[in-house]
Amino acid sequence: MDIITAPHQSLRQKAPELKRVDAKVLEFIKELEATLLTTSKRGVGLAAPQIDRPKYRIFTTYLSKGGDDERGRQIRTFINPRLTKVWGDPILGPDEDNLPLEGCLSIPSLYGPVPRYQKVRLEYDVIDKENLRTEADTFGGFFARVIQHELDHLNGILFTDYIKEYDLPLYQENPETGKLKEMNDRSIIELF
């Protein structure tokens, strides 16, 4: 499946809760996971609206508990995810001098700091035979950022919305060098 890019209308739709599992849902999950696995090494999460399926409240991640170590990465899929607890106030990052920048597969080459909770509790459904069963996990640091970013996609929110709302810097990646440069003209985000 192809990943759609902003300003595609599906990226602004709120995905409804999934009520039941059928063969279409199972096939969709396989396609979502396969699409994420075929992205660049930077792709660590993908939500249903990003592949033009805003009717599914599902996202998948490809993360390692050991950080950036690709050997320990695993696919995890979250159905009907919802935050049930957050710790502290949203922050741009633990180190104000080295802020983590978020990017998005649906907004290629643009990056920016985004205020996020450092720790979140997520309830979500998993498939248990032909039914949905609720589970919960707590995520911190980078994992918490990824969870919140993908959950935003299910609510029609893009990371650039935070750039506009909080007047934060926006960076563009040079395709030849991979280096980031702050953009003086940020009018491009008005298109999203």
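Please start with S5 and strand S8: in which sense do they pair, parallel or antiparallel, and over how many bridges?

A: Happy to! This is a predicted model, in which local features need pLDDT of at least 70 and side-chain atom pairs count only at pLDDT 80 or more, while totals for chains, interfaces and linings use all residues. Residues are numbered from 1 along each chain as its sequence is written, and side-chain values use heavy atoms, with hydrogens and water left out.

S5 and S8 (residues 171–173) pair in the antiparallel sense, over two bridges. Strands here are DSSP runs of E with at least two residues, helices are runs of H or I with at least four, and both are numbered from the N terminus. Two strands count as paired if DSSP finds at least two bridges between them. To find a bridge yourself, look for Leu 110: its partner in S8 is Gln 172.

S5 (residues 107–112) has another antiparallel neighbour, strand S4 (residues 102–104), again joined through two bridges. In this pair, Cys 104 has Ile 107 of S5 as its bridge partner. A hairpin of two residues leads from S4 to S5.

Now step into the loop between S4 and S5, where you will find Ser 106. Is Ser 106 buried or exposed? Ser 106 counts as buried because its relative accessible area is 1%; buried means under 20%, exposed over 50%, and partly exposed in between, using a 1.4 Å probe and protein chains only. Setting aside neighbours within four places in sequence, Ser 106 is in contact with Ile 3, Ile 4, Thr 5, Ala 6, Leu 11 and Gln 50, where contact means heavy atoms within 4.5 Å. Its side chain makes a polar contact of 3.1 Å with the side chain of Gln 50. A polar contact is a pair of N or O atoms within 3.5 Å; within protein, one must be able to donate a hydrogen and the other to accept it, and residues adjacent in sequence count only if both atoms are side-chain atoms. A polar atom of the Ser 106 side chain also lies 2.8 Å from the backbone oxygen of Ile 4.

One of the contacts of Ser 106 is Ala 6, and a cis peptide bond joins Ala 6 to Pro 7, with omega about 15°. Pro 7 itself lies in the segment before H1. For comparison, most residues other than glycine have a negative phi, and most peptide bonds are trans.

The buried residues of helix H3 pack against S4, S5 and helix H2 (141–154). In H3 (residues 159–166), the buried residues are Phe 159, Thr 160, Asp 161, Tyr 162 and Ile 163. After H3 comes Asp 167, with a positive phi near 50°, although Asp 167 is not a glycine. Asp 167 lies in the loop between H3 and S8, and it counts as exposed because its relative accessibility is 60%.

Ile 188 is in the segment after strand S9 (180–182), and it counts as partly exposed because its relative accessibility is 32%.

Five strands form an open antiparallel sheet in the order S1-S2-S3-S6-S7. Strand S1 (45–47) and strand S7 (131–140) stand at its edges with a single partner strand each, so one side of each has no neighbour in the sheet. Within this sheet, strand S3 (residues 73–87) and strand S6 (residues 119–128) run antiparallel and are joined by six bridges. H2, against which the buried residues of H3 pack, also packs on this sheet, touching S1, S2, S3, S6 and S7, and its direction makes about 160° with that of S2. Such angles run from 0 to 180 degrees between N-to-C directions, with axes as lines fitted to C-alpha atoms, for helices over the stretch in contact.
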